[in-house]
Amino acid sequence: MAAAALRPHLARLSGGGGIPNPALRTLSIVSPLLLHLRSHRHRGILRSNASSSPPSPPPSPEKEAEAVPTAESCVNLGLELFSKGRVRDALEQFDNALELDPNPIEAQAALYNKACCHAYREESKKAADCLRTALRDYNLKFGTILNDPDMAPFRASPEFKELQEEALRGGEDIGSGFRRDLKLISEVQAPFRGVRRFFYVAFIAAAGISTFFTIPRLILAVQGGDGAPDFLETAGNAAINIGGIVVLVVLFLWENKKEEQQITNISRNETLSRLPVRLSTNRINELVQLRDITRPVILAGSKASVTQAIQRAERYRTELLKRGVLLIPVIFGASQKAQIKPKGFGTTRSAASAPSIGGDFEKRTESIAAKSRLRAEVRFKADIVSPEQWESWIRDQQESEGVTPGEDVYIILRLDGRVRRSGRGMPNWNDILQELPRLEDLLSKLER
C-alpha cells in the first residue's frame with residue numbers, strides 16, 4: 001500500500017505496558033549538521049515512565065473502548081492508520097493530538113507526521129506550515145528535514161526552498177537552530193574569522209577613543225591662541241584615526257559577508273549531499289554515502305551535450321576511475337516522471353554511514369564492510385533519482401555563480417562532498433586528469 005510507506009519519523013509513543021515500535025525514531029536529539037554534515041540517522045525508542053515498571057496485562061476490549069483519548073493515544077492511532085493507508089483519518093488523529101494538551105515531544109511528533117502526510121499527498125504548503133511550527137515551537141532540527149529521504153517530495157517544492165531560506169536567516173518565526181548549526185560548521189571551516197573580527201572590533205574601539213580625545217584638540221588648534229596644539233599634527237592624528245575606523249569597519253563587514261556566503265554554500269552542499277542516485281547494481285544511494293570513495297562529476301544540460309561529454313569521457317575511462325570519477329548526467333527537462341519512492345519509516349539505509357569517533361569496533365567493522373561493498377558497486381556512471389530535486393539544486397548553483405539557468409554546466413565535487421569547481425559547457429577531460437590526483441595519492445587522502 002502506497003501510504004503505508006509514509007511512516008512517521010519519531011519513535012512510537014508507548015503507554016503503560018505497550019510494546020514500542022522499534023522501527024520508528026526520535027527527531028529532537030539529532031542534528032546531522034553538527035557531525036560535519038556526515039552523521040547517520042539515529043533511531044530510538046521513546047518510552048513513557050510506566051514502561052520501566054513490570055508489564056501489565058493487556059487491557060480488555062471494554063476498558064480499551066472506555067479509555068479517554070490522550071495526545072499520546074491519538075498519535076499512536078494515527079500511526080496505525082498510516083500503516084493501513086488511511087492517510088486522511090491519520091491526519092484527523094494528529095489534529096486531535098494537538099488539541100489534547102500534548103507535551104513538546106508529542107506535539108513535535110504530531111506536527112512532523114502531519115507534514116510527512118501532507119508531503120506524501122503533495123500538499124507542500126500545508127507541510128511547510130506544520131514544519132514551520134515544529135521548528136519554531138518544538139525544537140525540530142532542520143537537519144532532519146534535509147536528511148530524511150521520505151521528505152524528498154517536499155524538498156523538490158518551492159515551499160521547501162522558502163522554508164530553507166527562512167531557516168538560514170533565523171529569527172522568531174522559525175527559530176535559529178539551523179542557522180546556529182551552520183555557523184558552527186562555518187567556524188570549523190574558517191577558524192580564524194572570529195579572531196580577526198575580535199581584533200577589528202578592538203581596534204575600532206581604540207581608534208574611536210583616540211578620536212574622541214583628538215577632536216577637542218583639533219577644535220582648539222583651529223581656534224588658535226596661546227597653548228593651542230599644532231593644527232597639522234592634530235589634523236593628521238584625527239585623519240589617521242578616522243581612516244583607520246573606516247578601513248576596519250569595511251573589513252568587519254566584509255568578514256560578515258564572507259560568512260553569509262559560506263553559510264549559504266554549506267546549506268547548498270548539505271542539500272546536494274542528500275540527492276539520490278542509482279548505481280549500476282540498481283541500488284539507490286544518496287551522495288553523502290559516496291563520500292571518500294568517489295569524486296562525482298555532474299554533467300547538466302541538453303541531451304546532446306551530455307551524451308557527447310559521456311562519450312568523450314569513455315576514452316579516458318580507466319584513468320578517470322583511478323581518480324574516483326563518477327559521472328552523473330542530468331538532462332534538463334528530460335524526465336519529470338522518475339520519483340524517489342518513500343523508503344519507509346524505520347527502514348535501514350542501503351549502506352552504512354561512517355561511524356562517529358569513539359564508535360565501537362563492531363560498528364567500525366560494519367561500516368568498513370559497507371564501504372567495501374559500495375566501492376565494488378560504484379562504476380563509471382550513475383543515474384539520478386528524483387530529477388526535480390537535482391534540477392532545482394543545479395538552478396540554485398547556477399544562480400549563485402551568475403550562470404543563466406538552463407545553460408550547460410559541469411560541477412566537480414571533492415571526495416568530502418563539497419564542490420571543487422564548476423564551469424559552463426562540458427568539461428575538458430584532459431584537464432581533469434591533470435587536475436585530479438589518484439585515489440591512493442597523498443593529496444586525495446588530505447581531501448577526505
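In this predicted model, helix α3 runs over residues 87–99 and has 13 residues. From its first C-alpha to its last it reaches 19 Å, close to the 18 Å expected at 1.5 Å a residue. Six names make up its buried set: V87, A90, L91, Q93, F94 and A97. These residues lie on the same side of α3, because they cover an arc of only 160° around the axis. The face turned away from that buried side carries R88 and E99, which are exposed. The buried residues of α3 pack against two helices, α2 (71–83) and α4 (104–120). Just after α3 comes D101, with a positive phi of about 55°.

Helix α2 can be read in a similar order. Its 13 residues should span 18 Å at 1.5 Å a residue, and the end C-alpha atoms are 19 Å apart, so the span agrees with expectation. Buried in α2 are A71, E72, C74, V75, N76, G78, L79, L81 and F82. Its buried residues pack against α3 and α4. G85 follows α2 and has a positive phi, near 85°.

The last stop is the surface. Here F192, V195, F198, F199 and F203 form a nonpolar patch, and together they have about 560 Å² of accessible area. One of these residues, F199, is placed in helix α10, which covers residues 193–223. F199 has a relative accessibility of 41% and therefore counts as partly exposed, since that class lies between the cut-offs of under 20% for buried and over 50% for exposed.

Notes: Residues numbered from 1 in each chain as written. Predicted model: local features only at pLDDT ≥ 70, side-chain atom pairs only at ≥ 80, totals over all residues. Heavy atoms only, no water. Patch = residues over 30% accessible without salt bridge, like charges linked within 9 Å, V, L, I, M, F, W, Y side chains within 5 Å. Areas by Shrake-Rupley, 256 points an atom, 1.4 Å probe, with all protein chains shown as cover. Salt bridge = Lys/Arg side-chain N within 4 Å of Asp/Glu carboxyl O. Helix = DSSP H or I, 4+ residues; strand = E, 2+ residues; numbered from the N terminus. Buried < 20%, exposed > 50% of the residue type's maximum accessible area, 1.4 Å probe, protein only. Expected span 1.5 Å × (residues − 1). Arc of directions from axis to C-beta. Contact = heavy atoms within 4.5 Å.
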